[in-house]
Amino acid sequence: HFCNKKCNLIYKKKINPRKLKWTKAYRKLRGKELKMDSTFDFEKLQNEPVKYDREIYNTTVKAIKRINEIRKRRQERHYYNRAKTSLKNRKMNMLKTVENHSHLLVAPVVKNQKREMERLEANKSAGEKVLK
């Protein structure tokens, strides 16, 4: 069974899912998602019937919660490591832009001083007009 009609049609056309950017196979192949992780082994289906035991049930539920926490942390670390290079490049580009256009930058203190000087000059000129 397929998740939707789109996936079914792609399968029938014999299109390789590793070449379609939106598939899990593509993302894992290109290193955009975790592919080899020990937490994935716990998801495998086990078809062994086990007699119900409350203690086993409780430990299993606790283990599932812990595994999900570990997987989440590993995925976050993976995404952070992937984004490191782009963040570094973006920061370098910003620094280059600032360096190239530093003549356009004015400190806030200087801006305030200029405004005050303009106000004083405007007041002086208004005062001179009144006297004339």
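Analyst: The answer below starts with the rings, goes on to the loop and helices, and ends with the pocket.

Residues are numbered from 1 along each chain as its sequence is written, and side-chain values use heavy atoms, with hydrogens and water left out. This is a predicted model, in which local features need pLDDT of at least 70 and side-chain atom pairs count only at pLDDT 80 or more, while totals for chains, interfaces and linings use all residues.

A search of the whole structure turns up two aromatic pairs. Rings of Phe, Tyr and Trp (its six-membered ring) pair if their centres lie within 6.5 Å; planes under 30 degrees apart count as stacked, over 60 as edge-to-face and the rest as tilted. The planes of Phe2 and Tyr11 stand at 40°, with the ring centres 5.1 Å apart, so this pair is tilted. Tyr52 and Tyr57 also form a tilted pair, with 50° between the planes and 6.3 Å from centre to centre.

How open are these residues? A residue is buried under 20% relative accessible area, exposed over 50% and partly exposed in between, using a 1.4 Å probe and protein chains only. Phe2 has 40% relative accessibility, so Phe2 is partly exposed. Tyr11, at 57%, is exposed. Tyr52 is exposed at 62%, and Tyr57 is partly exposed at 48%.

Trp22 has a charge over its ring: Lys6 lies over the face of Trp22, at 4.1 Å from the ring centre. That description requires NZ of Lys or CZ of Arg within 6 Å of the ring centre and within 35 degrees of the ring normal.

Next come the loop and the helices. Helices (H or I, at least four residues) and strands (E, at least two) are DSSP runs, numbered from the N terminus. Lys14 sits in the loop between α1 (5-12) and α2, and Lys14 is exposed, with a relative accessible area of 76%. Lys14 has a positive phi of about 60° although it is not a glycine. Most residues other than glycine have a negative phi. Asn16 is in the loop between α1 and α2 and is partly exposed at 27%.

Leu29 belongs to helix α2 (residues 24-29) and is partly exposed, at 45% relative accessibility. Its C-alpha atom is 9.6 Å from that of Lys19, ten residues apart along the chain. Contact means heavy atoms within 4.5 Å. Leaving aside neighbours within four places in sequence, Leu29 is in contact with Arg18 and Lys35.

His78 lies in helix α3 (residues 54-100) and counts as buried because its relative accessibility is 19%. With neighbours within four places in sequence again left aside, His78 touches Gly31, Lys32, Glu33 and Leu34.

The largest pocket is lined by 17 residues, with Phe42, Lys44, Gln46, Thr60 and Ile64 nearest its centre. Its lining divides into eight nonpolar, three polar and six charged residues (Ala, Val, Leu, Ile, Met, Phe, Trp, Tyr, Cys and Pro count as nonpolar, Asp, Glu, Lys and Arg as charged, and the others, Gly among them, as polar). On a 1 Å grid over the protein atoms alone, a pocket is an open set of points where a 1.4 Å probe fits, with protein on both sides within 12 Å along at least five of seven lines; lining residues have an atom within 4 Å of a point.
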